[in-house]
Amino acid sequence: LAWAQDLDGTGVTVNILLPGGLTDTTFSRPGTVERRRKSGGKVFDPEDMVAPAAWLASDLSVDYTGCRFNAANWDASLGFEDAARGAFEAAAFRVPKRQDRLSRTWQTPEAVA
């Protein structure tokens with residue numbers, strides 16, 4: 001959020017993209033992925049991050065900065081805007097006291113657009 005605020009107005013946007021839970025990567029603790037799968041728990045594939053990451057890297061997301069998106073809630077069968085609305089989550093920080101462009105971070109995506 002601090003970077004989004006510092007870079008506001010420069011054309012650079014800063015957002016957070018979460019995988020949504022345990023992801024099958026080499027960064028997971030040894031044995032964790034296997035235990036989760038054996039217990040019937042969800043394990044996300046790194047590829048789940050591709051569509052929202054591509055959207056965030058494109059000009060289509062230019063109106064979003066200081067926002068948080070959860071890839072587990074991204075529905076690739078939808079258009080980018082609808083998928084982004086589904087993946088949007090409230091920021092994990094307190095609402096800023098002053099009203100500025102980053103105040104949108106705590107609003108619903110419909111209010112941001």
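Helices (H or I, at least four residues) and strands (E, at least two) are DSSP runs, numbered from the N terminus. On that basis the protein chain holds 5 helices and 3 strands, and from the N terminus on its elements follow the order α-β-α-α-β-α-β-α. This is a predicted model, in which local features need pLDDT of at least 70 and side-chain atom pairs count only at pLDDT 80 or more, while totals for chains, interfaces and linings use all residues. Residues are numbered from 1 along each chain as its sequence is written, and side-chain values use heavy atoms, with hydrogens and water left out.

**Chain as a whole**
- Of the 113 residues in the protein chain, 29% are buried, which means under 20% relative accessible area (1.4 Å probe, protein chains only).
- Among contacts (heavy atoms within 4.5 Å) between residues at least 6 apart in sequence, 50% join residues at least 24 apart.

- Not counting residues up to four places away in sequence, Ala87 touches Arg68, Phe69, Asn70, Asn73 and Trp74.

**Ser61**
- Ser61, in the loop between H3 and strand S2 (68-70), is buried, with a relative accessible area of 1%.
- Leaving aside neighbours within four places in sequence, Ser61 is in contact with Trp55 and Leu56.

Key:
Buried means under 20% relative accessible area, exposed over 50%, partly exposed in between (1.4 Å probe, protein chains only).
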